[in-house]
Amino acid sequence: MKLHLPTIYPITDTALAGIPIPEQVKRLIDGGASVIQLRDKLAPSKAFYDDAVSSVRIAREANVRIIVNDRADIAMMAGADGVHLGQTDLSPRHVRKLMGQDAIIGFSTHELGQVEAALALPVDYIAFGPIFATRTKAKPDPAVGLELLRAAGRIAHGIPLVAIGGLSSENIPLVFDAGADSAAVISALMSDPGRISSEMRGLLAIGSRV
């Protein structure tokens, strides 16, 4: 069964939240998340794998999907539902062969040419951004803005489009107005670990009004 893309797509961040990934997952699920991406650019492979295994177990009990950022190997070994790939990761074609037709594969794009090229790849959704300036990457790509997001939506031809980068309760309505199907959120959810669940509920309420 393929992914039904939610309006709000939360992504973990241990550096921001200051709590382990499995605990972030618990709090996101408590807030109503149905799909969660596990992202940790700094953790050693074994630590990230252990967190992924625990997170998948937690998510299974709540019928929540887990997508692993970058690491197809960890996604496969942990039994995750899929993987999110960047421009410098393994090709989606190779990962599709590895993980099979049932796996969910997302793919990051940062310019319109990359969106167009992604149409020929076996991906289930395309992420586009950063829409606004973001602080969750050490060397972020330049912000693309809302007009390029609108153009990306026209190019995507029905493939679900996820906006990412600098999104918050204040500007999320703007990305939906510009044609995004989903909003990937990191900082607005993870900056205060005590409010992860309530912030998730608040963002879903915004998403339900689009």
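Val 68 touches Leu 38, Phe 48, Ile 74, Ala 75, Ala 80, Gly 82, Val 83 and His 84, leaving out residues up to four places away in sequence. Contact here means heavy atoms within 4.5 Å. Val 68 sits in strand 3, residues 65–69. Its relative accessibility is 0%, so Val 68 counts as buried. Buried means under 20% relative accessible area, exposed over 50%, and partly exposed in between, with a 1.4 Å probe and protein chains only. From Val 68 to Asp 13 the C-alpha distance is 12 Å, across 55 residues of sequence.

The model is predicted: local features need pLDDT of at least 70, side-chain atom pairs count only at pLDDT 80 or more, and totals for chains, interfaces and linings use all residues. Residues are numbered from 1 along each chain as its sequence is written, and side-chain values use heavy atoms, with hydrogens and water left out.

**Overall build**

The protein chain has ten helices and eight strands. Its radius of gyration is 16 Å, close to the 17 Å that the globule rule gives for 210 residues, so the chain is as compact as a globular protein of that length. That radius is taken over C-alpha atoms, and the rule is 2.2 Å times the number of residues to the power 0.38. Helices (H or I, at least four residues) and strands (E, at least two) are DSSP runs, numbered from the N terminus. The C-alpha trace spans about 40 × 40 × 35 Å along its principal axes.

Of the 210 residues in the protein chain, 52% are buried. Among contacts with a separation of 6 or more, 56% join residues 24 or more positions apart. The protein chain exposes about 9500 Å², and carbon and sulfur atoms supply 54% of that area. Accessible areas come from the Shrake-Rupley method with a 1.4 Å probe; for residues, only the protein chains shown count as cover.

Charge comes next. The protein chain carries 21 positive and 22 negative side chains, and the centres of the two sets lie 2 Å apart. Lys and Arg count as positive, Asp and Glu as negative; His and the chain ends are not counted. Each charge is placed at NZ of Lys, CZ of Arg, CG of Asp or CD of Glu.

**Helix 5**

Helix 5 covers residues 92–99, and Pro 92, Val 95, Arg 96 and Met 99 are buried in it. Seen down the helix axis, the buried residues of helix 5 fall within an arc of 105°, so they line one face. The arc is that of the directions from the helix axis to the C-beta atoms. These buried residues pack against helix 4 (72–78), strand 4 (82–85) and strand 5 (104–109).

Ala 163 lies in strand 7. This residue is buried, with a relative accessible area of 0%. Beyond four places in sequence, Ala 163 is in contact with Phe 128, Ile 131, Leu 149, Val 175, Ala 180, Ser 182, Ala 183 and Ala 184.

Ile 131 is found in the loop between strand 6 and helix 7. It is buried too, at a relative accessible area of 1%. Outside its sequence neighbours up to four places away, Ile 131 touches residues including Ala 143, Leu 149, Ala 163, Ile 164 and Val 175.

Pro 130 is placed in that loop, between strand 6 (125–128) and helix 7 (145–156). The peptide bond from Gly 129 to Pro 130 is cis, with omega near 5°.

**Positive phi**

Most residues other than glycine have a negative phi, and most peptide bonds are trans. Asp 70 has a positive phi of about 70° although it is not a glycine. Asp 70 lies in the loop between strand 3 and helix 4, and at 22% relative accessibility it is partly exposed. His 157, also not a glycine, has a positive phi of about 55°. His 157 belongs to the loop between helix 7 and strand 7 (161–164), and at 65% relative accessibility it is exposed.

**Helix 10 and C-alpha distances**

Glu 199 lies in helix 10, residues 196–207. Its relative accessible area is 24%, so Glu 199 is partly exposed. Apart from residues up to four places away, Glu 199 touches Ala 188 and Leu 189.

| Pair | Sequence separation | C-alpha distance |
|---|---|---|
| Glu 199 and Leu 28 | 171 residues | 8.9 Å |
| Ile 131 and Gly 166 | 35 residues | 6.7 Å |
| Ala 163 and Pro 142 | 21 residues | 14 Å |
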